[in-house]
Amino acid sequence: MTEFTPKNAAFHSLLADTDEGEPDGGSLCPAAAELALGEVADGVVVTDPYGRIRYSNPLASELCGSLVGLLPGQLLASSLLLYGDGGERLDLGLDSGVAAGSIPSRRELRGNIRREGGTLLEVSVVIHCLREGVNLKGYVLVLRHTSEVRRISSRLSWQSSHDALTHLPNRQTFEHALQQLLGSGASPRQHHILLYLDVYQFKVVNDTLGYSAGDALLIALTKILTRCLGEGDLLGRVGSDEFALLLRDCTLEEAKRIVTRLREAVNGFVFQWEDSETRPALSIGAVSVDHRAPPASQLLASANDACSAARDQGRNRVKFFGDSRKALAKRRESTWLAEIHAAIREDRLLLYRQPVVALQDKNRVHHYEVLVRMQGRDGDVISPGLFLPAAERYGIIDEVDRWVIRKIFRYMALEQSSGAAGFHYAINISGISLGDELFADFVLRELTEAGVAPSRVQFEITETSAINNLDRALVFIHKLRAAGCSFALDDFGRGASSLAYLRQLPVDYLKIDGSFVRNMLEDEIDSAMVSTVDHLAKRMGISTIAEFAETPELLEKLRLMGVDYAQGFGIAAAACLPEISGPRPSSSVN
């Protein structure tokens with residue numbers, strides 16, 4: 001552990017402006033200087049000639065008892081309060097009005113820092129005056145415990161409570177600070193907002209550019225977010241690409257303005273790494289915090305749920321959820337667990353199908369997508385939107401997948417044995433099944449036992465599930481494609497990572513996300529998005545399928561655009577699998 005000395009005080013100049021390019025030969029780059037200052041066993045603060053903070057290392061914040069830190073732009077005199085043994089206030093003497101030549105190059109004060117709770121910490125403060133010729137450029141202050149043992153203890157305390165990469169409070173420390181706020185006996189009129197922030201594009205940067213690039217992105221975003229903080233706000237890193245922000249004494253309207261400021265700050269940032277440029281974004285979840293709030297861990301979980309909901313809707317979204325509303329939704333989901341198990345056991349799941357037609361071949365049915373419903377105990381048909389989210393959330397969606405595969409393969413075998421040529425069917429595969437190393441062998445075994453031609457089978461996987469289980473997804477795809485099955489990448493375009501991963505996924509079809517297709521007649525940007533995806537797919541030898549094709553006018557626009565296939569209510573709604581009897585069904589939809 002290195003001590004800070006006058007020799008290395010010159011590091012301060014390297015931190016003044018990290019945007020001025022590379023340092024001269026023989027000098028440390030700004031990042032190296034900052035790293036060095038972050039690892040010394042003393043608190044270090046760099047100010048301008050007027051005493052405004054330009055930089056402070058993590059230990060300076062630890063000595064001052066501040067989780068937020070000594071923020072750039074603040075006056076050090078109002079952030080670092082130093083008292084003598086008699087309780088009198090000590091003046092740091094950072095006065096630009098004094099002639100630079102009369103300011104000593106080095107002086108030392110001994111005093112006490114008053115921390116939260118009123119405790120006093122005995123320190124020495126060494127103030128170095130920095131000049132360039134006769135001009136005063138600023139000050140470097142070195143804060144040091146008077147006890148060596150306490151200095152080392154302080155350093156270890158900081159390391160255990162902060163994230164080593166971003167120097168922010170870690171999850172445990174943030175949760176502790178939040179719980180302290182809840183237990184402080186606050187007035188019923190006090191109101192706070194807890195934000196949970198997820199960094200969109202972080203996984204793409206990590207996987208395509210490497211972990212060093214991912215680390216650099218997080219450090220850059222930490223600086224951007226910190227500049228948006230108020231004096232009492234607390235920012236912490238609570239996950240690999242997740243931050244939490246506590247806005248103290250903040251109303252909902254004020255929080256909305258702060259969220260807008262955060263989003264605009266990140267939207268204006270372009271992350272450059274070697275020859276690559278990335279535009280990150282934030283997904284933000286928010287919950288209210290008042291005297292009736294649940295424990296800190298539950299608040300963080302609720303804010304995380306809200307953030308997940310925002311992330312599911314696409315980049316740069318915000319969700320404000322009340323905890324009671326979210327808890328109610330969770331309870332409703334949990335009631336489905338027993339019902340799903342019973343439906344599988346009692347064979348009350350139902351298979352539906354929806355046609356996918358060839359736009360360039362008079363809307364001839366090319367294949368059907370297989371969809372699942374549930375028959376309630378009263379005989380009513382239950383929408384998948386009511387029970388499938390619970391199956392996914394609680395990890396039993398793979399049981400539904402296996403039931404669907406067994407049933408549809410048996411149905412396809414009946415089609416073959418009835419003398420009909422048989423249609424092709426697309427089957428949705430969940431992320432859990434995709435990540436199961438035994439699932440591919442299960443599918444191949446069921447195909448063989450049913451005697452179904454693999455060429456009749458297509459599997460649909462979402463880009464999110466494929467990316468989250470990329471290695472397993474590739475194994476699954478290669479095994480089943482080798483057997484003769486085809487693959488479609490569903491909801492393409494919804495995630496920011498689409499293009500980065502498309503080359504790695506050997507798929508035969510791209511299903512253009514319906515959110516772009518539905519409004520493309522009225523929205524030029526959506527229309528351009530559909531056209532761009534179609535053009536890109538054609539260049540890669542991949543066919544395109546447009547979802548949510550709901551009107552004849554939309555179908556005609558897609559056909560003229562060159563999209564290969566479409567499905568939606570404009571063609572036909574999903575319907576039960578027909579009984580296999582009588583003449584072969586018509587193979588076109590007009």
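I looked up Lys 362 and found a relative accessibility of 75%, so Lys 362 counts as exposed. The cut-offs I used are these: buried is under 20% relative accessible area, exposed is over 50%, and partly exposed is in between, with a 1.4 Å probe and protein chains only. This is a predicted model: local features need pLDDT of at least 70, side-chain atom pairs count only at pLDDT 80 or more, and totals for chains, interfaces and linings use all residues. Residues are numbered from 1 along each chain as its sequence is written, and side-chain values use heavy atoms, with hydrogens and water left out.

Lys 362 sits in the loop between strand S14 (349-358) and strand S15 (364-375). Helices (H or I, at least four residues) and strands (E, at least two) are DSSP runs, numbered from the N terminus. I then checked the backbone. Lys 362 is not a glycine, yet its phi is positive, about 55°. Asn 363 lies in the loop between S14 and S15. Asn 363 also has a positive phi, about 60°, and is not a glycine. Most residues other than glycine have a negative phi.

**Charges over rings.** I searched for charges over rings, meaning NZ of Lys or CZ of Arg within 6 Å of the ring centre and within 35 degrees of the ring normal. Arg 353 lies over the face of Tyr 368, at 3.8 Å from the ring centre. Arg 373 has its charged end over the ring of Tyr 352, 5.0 Å from the centre.

**Aromatic pairs.** How many aromatic pairs does the structure hold? I found 11. Rings of Phe, Tyr and Trp (its six-membered ring) pair if their centres lie within 6.5 Å; planes under 30 degrees apart are stacked, over 60 edge-to-face, and the rest tilted. Phe 271 and Trp 273 are stacked, with 6.1 Å centre to centre and 15° between the planes. Phe 271 is buried at 4% relative accessibility, and Trp 273 is partly exposed at 24%.

Next I took Tyr 509 and Tyr 565. Their ring centres are 6.0 Å apart and their planes are at 65°, so this pair is edge-to-face. Tyr 509 is in strand S20 (residues 509-512) and Tyr 565 in strand S22 (residues 565-566), so the pair ties together parts 56 residues apart in sequence. Both Tyr 509 and Tyr 565 are buried. I also noted one aromatic cluster, formed by Phe 439, Phe 442, Phe 459, Phe 476 and Phe 487.

**Nonpolar cores.** A nonpolar core is a set of buried Ala, Val, Leu, Ile, Met, Phe, Trp, Tyr and Cys residues joined through side-chain atoms within 4.5 Å. The largest has 75 residues, and Ile 408, Phe 409, Ile 427, Phe 459 and Leu 558 touch the most other members. Helix H12 (residues 397-417) gives the most to this core, 10 residues. Apart from this core lies another of 31 residues, among them Val 199, Phe 243, Val 259 and Ala 286.

I followed Phe 409 through its contacts (heavy atoms within 4.5 Å). Leaving out residues up to four places away in sequence, Phe 409 touches Ile 427, Val 443, Glu 446, Leu 447, Ala 450, Val 452 and Val 457.

**Cysteines.** I looked for disulfides, pairs of cysteine sulfur atoms within 2.5 Å. The structure holds 0. Cys 129 is buried at 10% relative accessible area. Cys 485 is buried too, at 4%.
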